[in-house]
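Biologist: Hi! Could you walk me through this structure? I'm new to it.

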Amino acid sequence: MSDQDSLRAIAAALLRCKRWLLPRGSWREQWARRLYVPLMRRLVAQPALRRIDPQAHVLVLGGEPVARLPAGGRVLVLKLDHIGDLVVALPALAQMRAALPDAEITLVCGGWNAALARASGLVDRVVEFDYLAARHNGSEAGRAAMAAEFAVISKGLGQFGLAIDLRHDADTRRLLAAVDATVRAGYAADGVALEIALPDVEHVATARGERPLHARTRLVMLVAATLDAVRPAARPAKVLLAPGEVLPEGPYAVLAPGAGAPLRVWDIARMAELARALVARHGLRMVILGGPGDQALAATIAEGLPAEMVTDLTGKAALPAVPAILDGARLVVGMDSGLSHLAAGLGVPTVSVQSGAPTREVWRVAGANVVVVAGAAACAPCHLDLPEQCPHGVACMRVIGVADVLAACETVLAQDARGSAVPAA
């Protein structure tokens with residue numbers, strides 16, 4: 001086994017320990033957190049590992065991890081079990097109906113549940129399929145026959161934006177796999193790839209140990225996680241405080257060059273070059289945001305711009321005023337930082353430059369009009385904080401060029417749903 005394979009095996013083992021053996025909030029989890037990052041730093045600092053070529057490359061990601069449903073899209077719900085199971089699932093169905101009022105929701109259930117499902121008023125169509133009928137008989141051959149029968153029915157139902165299986169037991173996931181859907185969601189099952197999959201959540205960890213989780217709560221969790229990922233993006237409601245007389249007149253972009261960890265900061269000379277390009281192409285004024293520790297970064301950006309085209313608010317803007325400053329921007333360019341997450345949550349066109357330090361799938365900036373320009377490398381995620389801790393010279397950030405980020409800026413400006421994009425000069 002190579003050094004790199006050994007590193008990955010150790011990291012994977014630690015993550016498995018955290019997921020399955022360390023209840024969240026327990027003293028064991030706190031101990032593991034204190035151990036994990038120092039151990040990873042020691043591992044990647046070994047001389048033998050310094051010879052590894054991380055093969056860094058640029059990865060451009062959309063701001064949403066899963067496809068969004070169009071307004072009025074089609075949804076298929078599988079609930080192929082007993083009467084009590086459907087009753088317990090009614091709050092989850094009500095949650096889905098409220099979140100997707102214009103969607104066409106089709107429920108597939110046993111014939112014994114059809115009348116109750118129609119009377120609920122929560123679905124638009126009920127399709128009967130007696131999966132748990134006596135002919136199923138519990139054998140693999142019987143399950144395979146039922147799956148083949150359902151595949152024919154599913155084909156006749158057409159295409160769906162979302163298909164979700166509300167049964168916790170894994171046997172119906174093969175039916176879900178037969179549905180023609182952009183996004184399939186349910187509890188994880190071996191051999192079935194789902195776009196959204198929750199693990200077994202029969203139990204939750206508390207300060208007094210594990211306790212069973214009610215089936216109703218479990219279903220609401222699944223539906224909530226699915227809806228958060230797929231429902232049509234909406235302009236979020238905001239309570240914004242007046243920023244005062246600090247903003248430039250005319251259209252502006254916000255640059256947030258800092259991050260909580262220095263390793264996650266993109267090369268400031270490249271950020272300065274990007275600022276000059278945005279001024280030249282779009283006539284945007286630059287507003288630089290950050291804390292007192294980012295003032296040296298801001299000065300590097302500002303010195304290459306005409307004085308009338310830059311407003312440096314690093315260390316000056318009070319935090320309560322920041323949402324209004326971001327909301328007035330035509331574009332926000334930042335790192336993997338709180339400012340980028342806030343801008344994305346406000347619906348502002350946002351470009352986030354992300355290193356390979358965090359787990360990208362978990363922590364990347366997400367929103368309706370977001371592009372993430374990530375530095376992907378074989379050694380990621382490393383969970384390091386300082387550039388000097390990286391044996392590869394932070395290759396995951398060095399590989400990201402000005403042209404990559406500028407192209408992402410052009411993308412989000414062009415698709416700005418607020419209609420405020422600035423045409424190129």
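Modeller: Happy to; we can go through helix packing, salt bridges and some backbone details. Keep in mind that this is a predicted model.

Biologist: Let's begin with helices. How are two packed helices described?

Modeller: By the angle between their axes and the distance between those axes.

Biologist: Okay, so at what angle do α3 and α7 cross?

Modeller: At roughly 20°, and their axes come within 7 Å. Helix α3 covers residues 83–99, while helix α7 covers residues 215–230. Angles under 35 degrees count as roughly parallel, so α3 is roughly parallel to α7.

Biologist: Is that crossing left-handed or right-handed?

Modeller: Right-handed, as α3 passes α7. On the α3 side the contact is made by V88, A89, P91, A92, Q95, M96 and A99. From α7 come A215, R216, L219, V220, V223, A224 and L227.

Biologist: Nice. And what angle do α8 and α14 make?

Modeller: About 40°, with the axes 10 Å apart. Helix α14 is residues 402–414, and α8 runs over 268–282. Here the angle is past the 35 degrees cut-off for roughly parallel, so α8 is oblique to α14. The crossing of α8 past α14 is right-handed.

Biologist: Which residues make the contact there?

Modeller: α8 brings R270, E273, L274, A277, L278, R281 and H282. α14 brings V402, V405, L406, C409, E410 and L413. By class, the contact of α8 with α14 has 8 nonpolar, 1 polar and 4 charged residues.

Biologist: Changing topic to charges: how many salt bridges does the structure hold?

Modeller: It holds 12 salt bridges.

Biologist: Can you show me one? What does R118 pair with?

Modeller: The side chain of R118 meets that of E128, at 3.8 Å from N to O. This pair links distant parts of the chain, 10 residues apart: R118 is in helix α4 (residues 114–120) and E128 is in strand β4 (residues 125–128).

Biologist: Is D336 buried or exposed?

Modeller: Buried, at 9% relative accessibility. The cut-off for that class is under 20% relative accessible area.

Biologist: Where is R360, and what does it touch?

Modeller: R360 lies in helix α12, residues 360–363. Leaving aside residues up to four places away in sequence, R360 touches L59, L61, Q354, A374 and A376.

Biologist: Last topic, the backbone. Which peptide bond is cis?

Modeller: The one from A380 to P381 is cis, with omega near -5°. P381 is in the loop between β15 (370–376) and α13 (395–398). For context, most peptide bonds are trans, and most residues other than glycine have a negative phi.

Biologist: What is the phi of H383, then?

Modeller: Near 60°, a positive value in a residue other than glycine. H383 lies in the loop between β15 and α13.

Biologist: And V394, what is its phi and where is it found?

Modeller: V394 has a positive phi of about 55° although it is not a glycine. V394 is found in the loop between β15 and α13, and with a relative accessible area of 10% V394 is buried.

Biologist: Thanks, that helps me find my way around!

Key
Residues numbered from 1 in each chain as written. Predicted model: local features only at pLDDT ≥ 70, side-chain atom pairs only at ≥ 80, totals over all residues. Heavy atoms only, no water. Axes fitted to C-alpha atoms, helices over the stretch in contact; angles between N-to-C directions. Helix = DSSP H or I, 4+ residues; strand = E, 2+ residues; numbered from the N terminus. Parallel < 35°, antiparallel > 145°, perpendicular 65-115°, else oblique. Left-handed = near helix turned anticlockwise from the far one by under 90°. Contact = heavy atoms within 4.5 Å. Salt bridge = Lys/Arg side-chain N within 4 Å of Asp/Glu carboxyl O. Buried < 20%, exposed > 50% of the residue type's maximum accessible area, 1.4 Å probe, protein only. Nonpolar A, V, L, I, M, F, W, Y, C, P; charged D, E, K, R; others polar.
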